Amino acid sequence: MTAFKPEIPSTRPYLIRALHEWCADNGFSPYIAVQVDASVRVPMEFVKNGEIVLNVSMDATSSLKLGNDFIEFKARFGGVAREIIVPVSHVIAIYARENGQGMAFPAPPAAVPGPSVDADEGSSDLEADTHARGGALRSVPTDPASHPTEPGDEPDPPSPARPGGKPQLKRVK
């Protein structure tokens with residue numbers, strides 16, 4: 001007779017919370033790259049190639065909940081408050097905008113195609129950012145100037161040059 005073995009919970013939500021806290025403790029802006037399908041509730045006008053990158057800092061969100069199953073928060077897009085709901089399984093990376101350090105995760109299994117809710121027009125006060133480069137590691141912005149800014153925002157100072165010219169995520173073990 002075989003003993004019942006419960007499924008081990010994913011480490012992904014715990015790692016996301018830990019890296020979010022690390023970013024906050026060090027004055028960095030935590031960003032998440034999300035693979036979008038019908039189960040993800042984000043402003044679809046900012047989705048490109050099935051991915052969206054969202055600023056999940058405390059300054060950019062309200063009512064942020066980093067749960068085991070979902071990341072939920074409210075943010076302003078084009079001056080309109082919107083509710084964002086992201087299944088944790090669809091987070092493909094979390095990283096600090098300022099230096100690119102963070103962690104990438106495997107993409108979710110075959111996603112359910114189709115648009116999600118909330119497709120209003122307008123620019124994002126949340127700094128929704130998407131990239132046509134594709135892939136989780138390549139979703140990480142390579143240039144702070146590539147982030148949208150509002151009038152009056154000060155651009156971030158350029159990060160120091162790295163050998164090879166490409167920023168990379170560091171694998172945390």
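User: What covers the buried residues of H1?

Analyst: In this predicted model, the cover of the buried residues of H1 includes E1, strand E3 (62-66), strand E4 (70-77), E6 and strand E7 (102-104). The buried residues themselves are Arg12, Pro13, Ile16, Leu19, His20 and Cys23.

User: How do you know that the buried residues of H1 line one face of the helix?

Analyst: Viewed down the axis of H1, the buried residues fall within an arc of 130°, so they line one face. Glu21 and Asp25, on the other side of H1, are exposed.

User: How does the reach of helix H1 compare with the span expected at 1.5 Å a residue?

Analyst: Helix H1 (residues 12-25) has 14 residues and reaches 20 Å from its first C-alpha to its last, which is close to the expected 20 Å. Just after H1, Gly27 takes a positive phi of about 75°.

User: What makes Arg17 a charge that sits over the ring of Tyr14?

Analyst: The charged end of Arg17 is 4.7 Å from the centre of the Tyr14 ring. The distance cut-off is within 6 Å, and the charge must also lie within 35 degrees of the ring normal. Arg17 is accordingly listed as sitting over that ring.

User: How many aromatic pairs does a search of the whole structure find, and why is the pair of Trp22 and Phe28 called tilted?

Analyst: The search finds three aromatic pairs. One of them joins Trp22 and Phe28, with 5.3 Å centre to centre and 50° between the planes.

User: Why are Trp22 and Phe28 called partly exposed?

Analyst: Trp22 has a relative accessible area of 30% and Phe28 one of 24%. Buried means under 20% and exposed over 50%, so values in between are partly exposed.

User: Why is the pair of Tyr31 and Tyr95 called tilted, and what makes it a link between distant parts of the chain?

Analyst: The ring centres of Tyr31 and Tyr95 are 6.0 Å apart and their planes lie at 40°, so this pair is tilted. Tyr31 lies in strand E1 (residues 30-35) and Tyr95 in strand E6 (residues 91-96), 64 residues apart.

User: Are Tyr31, Tyr95 and Gly102 buried or exposed?

Analyst: Tyr31 at 0%, Tyr95 at 1% and Gly102 at 6% relative accessibility are buried, because the cut-off is under 20%. Gly102 is found in strand E7. Gly102 and Tyr31 are 71 residues apart in sequence and 9.3 Å apart in space, C-alpha to C-alpha.

Technical notes. Residues are numbered from 1 along each chain as its sequence is written. This is a predicted model: local features need pLDDT of at least 70, side-chain atom pairs count only at pLDDT 80 or more; totals for chains, interfaces and linings use all residues. Side-chain values use heavy atoms; hydrogens and water are left out. Rings of Phe, Tyr and Trp (its six-membered ring) pair if their centres lie within 6.5 Å; planes under 30 degrees apart count as stacked, over 60 as edge-to-face and the rest as tilted. Buried means under 20% relative accessible area, exposed over 50%, partly exposed in between (1.4 Å probe, protein chains only). Helices (H or I, at least four residues) and strands (E, at least two) are DSSP runs, numbered from the N terminus. The expected span of a helix is 1.5 Å times one less than its number of residues. The arc is that of the directions from the helix axis to the C-beta atoms. Contact means heavy atoms within 4.5 Å.
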